[in-house]
Each structure stands twice: as structure tokens, then as C-alpha cells.
Amino acid sequence: MEKELIKLAMEMRKKAYCPYSGYSVGAALLAESGKIYTGCNVENASYGVTNCAERTAVFKAVSEGERRFTMIAIAGGTEGSASFAWPCGVCRQVLREFCDPAQMKVIVCRSEDDYKSFTLEELLPESFGPDFRD
Ligand code: THU
């Protein structure tokens, strides 16, 4: 499953709309249902409106009825190169809403064979989430 998500994340980079940064990101997100949702970054002439690849994938999935996720693979880089694309703080918090941080796997990859794997808890320790609501 890891490899499948990595392959899809790398493929999704091609769909990125990133004329301002030139940095394309692709993401593939696995829901507890077993379905995979993909995303890419979508930039805007008003730079701050940009949506990251990870959030594109989460919002697509949640809008289809999904609420729990177990793994995400992220691939990014400037044209012709691949670097480890670390999820930004906002995306880490958005993922936090819909998973168990100790179980959720976050994979950053440069190729199918060159990747690093973390839990969300490692990337967002001592986090605030929906379990704190009351
Ligand atoms: N980007 C993502 O898609 N995901 C991240 O977690 C970090 C940054 C995008 C946003 C912007 O389009 C480009 O990368 C450069 O910041």
C-alpha cells in the first residue's frame, strides 16, 4: 500500500497548478474505508489563497463522506527534481482532525525507493484536536 500511495503522489505532481512558485506537490491519502484520494497544490495570483496538495486531498475525501485516514504520501519539488516535501503546519493540523496521530503514517518521498515515514504525532507533537472539544 505504501508503494501504491507513493506512486500516486508522484503522479499527482504533474497535475499541480503552481505557476508562481514552480514547486509542484502531489499527495495520495488512504481512508479507513480503503479508498484513496489524491490531491495537488493549487496556487493563485493572490498567493495566500494557495491550497496545498495535502489539503486538496483531505478536502476532496471529506467532501465525499470520509472522516478517518490512516496514511498519506507526499511528493514534491521544483521542475525536474524531487525533494522531500514536508507537510506545512496547516496541513499537519488539518490531518490531525481526521486521524489517530499515533497511528497516522506520513510518508515523504523522492522516488518509489527513496522515502521516509513518520507518524503524525512525530511531526505534530502535543497537538490540539477534536478530542479536546469538551
Ligand atoms: N505546498 C504544498 O502543496 N504542501 C505543503 O505541505 C507545503 C507547500 C505547496 C504550496 C505552494 O504551492 C508550493 O508548495 C510552494 O510553497
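Visitor: Why does Phe118 count as partly exposed?

Guide: This is a predicted model, and in it Phe118 has 23% relative accessibility. Buried means under 20% and exposed means over 50%, so at 23% Phe118 counts as partly exposed.

Visitor: Where does Phe118 lie, and which residues is Phe118 in contact with, leaving aside its neighbours within four places in sequence?

Guide: Phe118 lies in strand β5, residues 114-119. Leaving aside neighbours within four places in sequence, Phe118 is in contact with Trp86, Met104, Lys105, Val106, Val108 and Leu123. Ser46 is another matter: Phe118 and Ser46 are 72 residues apart in sequence and 33 Å apart in space, C-alpha to C-alpha.

Visitor: What makes Phe118 and Trp86 a contact?

Guide: Contact means heavy atoms within 4.5 Å. Trp86 is one of the residues that Phe118 is in contact with, so the two have heavy atoms within 4.5 Å.

Visitor: Let's turn to helix α2. Why is helix α2 described as largely enclosed by the rest of the structure?

Guide: Helix α2 spans residues 53-63, and eight of its 11 residues are buried, so the helix is largely enclosed by the rest of the structure. Those eight are Ala53, Glu54, Arg55, Thr56, Ala57, Val58, Ala61 and Val62.

Visitor: What do the buried residues of α2 pack against?

Guide: The packing is against β1 (23-31), β2 (36-40), β3 (69-78) and α3 (89-96). Following α2 comes Gly65, with a positive phi near 105°.

Visitor: How do you know that Glu54 is buried?

Guide: Glu54, which is found in helix α2, has 4% relative accessibility. The cut-off for buried is under 20%, so at 4% Glu54 counts as buried.

Visitor: What is Glu54 in contact with, leaving aside its neighbours within four places in sequence?

Guide: With those neighbours set aside, the contacts of Glu54 are Val25, Ala27, Ile72, Ile74, Pro87, Cys88 and Cys91. As for Tyr37, 17 residues away along the chain, its C-alpha atom is separated from that of Glu54 by 9.9 Å.

Visitor: Cys91 is on that list. What makes Cys91 buried?

Guide: Cys91 lies in helix α3 and has 1% relative accessibility. Buried means under 20%, so Cys91 counts as buried. Cys91 and Glu54 are 37 residues apart in sequence and 6.3 Å apart in space, C-alpha to C-alpha. Not counting residues up to four places away in sequence, Cys91 touches Cys52, Glu54 and Arg55.

Visitor: Which other residues of α3 are buried, and what covers them?

Guide: Besides Cys91, the buried residues of α3 are Arg92, Val94, Leu95 and Arg96. The cover over the buried residues of α3 includes β1, α2, β3 and α4 (120-123).

Visitor: Which polar backbone atoms lie 2.9 Å from an oxygen atom of the ligand?

Guide: One is a backbone N or O atom of Ala53, 2.9 Å from a ligand oxygen. Another is a polar backbone atom of Cys88, also 2.9 Å from an oxygen atom of the ligand. The residues surrounding the ligand include Ser21, Tyr23, Thr50, Trp86 and Pro87.

Visitor: What lines the largest pocket?

Guide: The lining has 13 residues, and Tyr23, Val25, Asn41, Cys52 and Glu54 lie nearest the pocket's centre. β1 and α2 each supply at least two residues of that lining. By class, seven lining residues are nonpolar, four polar and two charged. About 170 Å³ of space lies in this pocket.

Visitor: Why is Cys18 called buried?

Guide: Its relative accessible area is 14%. That is under 20%, so Cys18 is buried. Cys18 sits in the loop between α1 (2-12) and β1. Leaving aside neighbours within four places in sequence, Cys18 is in contact with Tyr23, Ser24, Asn41 and Glu43.

Visitor: And what makes Glu126 exposed?

Guide: Glu126, in the segment after α4, has 81% relative accessibility. Exposed means over 50%, so Glu126 counts as exposed. Most residues other than glycine have a negative phi. Phi of Glu126 is positive, near 50°.

Terms used: Residues are numbered from 1 along each chain as its sequence is written. This is a predicted model: local features need pLDDT of at least 70, side-chain atom pairs count only at pLDDT 80 or more; totals for chains, interfaces and linings use all residues. Side-chain values use heavy atoms; hydrogens and water are left out. Buried means under 20% relative accessible area, exposed over 50%, partly exposed in between (1.4 Å probe, protein chains only). Helices (H or I, at least four residues) and strands (E, at least two) are DSSP runs, numbered from the N terminus. On a 1 Å grid over the protein atoms alone, a cavity is a set of points where a 1.4 Å probe fits but cannot get out, and a pocket is an open set with protein on both sides within 12 Å along at least five of seven lines; lining residues have an atom within 4 Å of a point. Grid points are joined across faces, edges and corners, and a volume is the space filled by probe spheres set on the points. Ala, Val, Leu, Ile, Met, Phe, Trp, Tyr, Cys and Pro count as nonpolar, Asp, Glu, Lys and Arg as charged, and the others, Gly among them, as polar. A residue is near a molecule or strand if one of its heavy atoms lies within 4 Å of it. A polar contact is a pair of N or O atoms within 3.5 Å; within protein, one must be able to donate a hydrogen and the other to accept it, and residues adjacent in sequence count only if both atoms are side-chain atoms.
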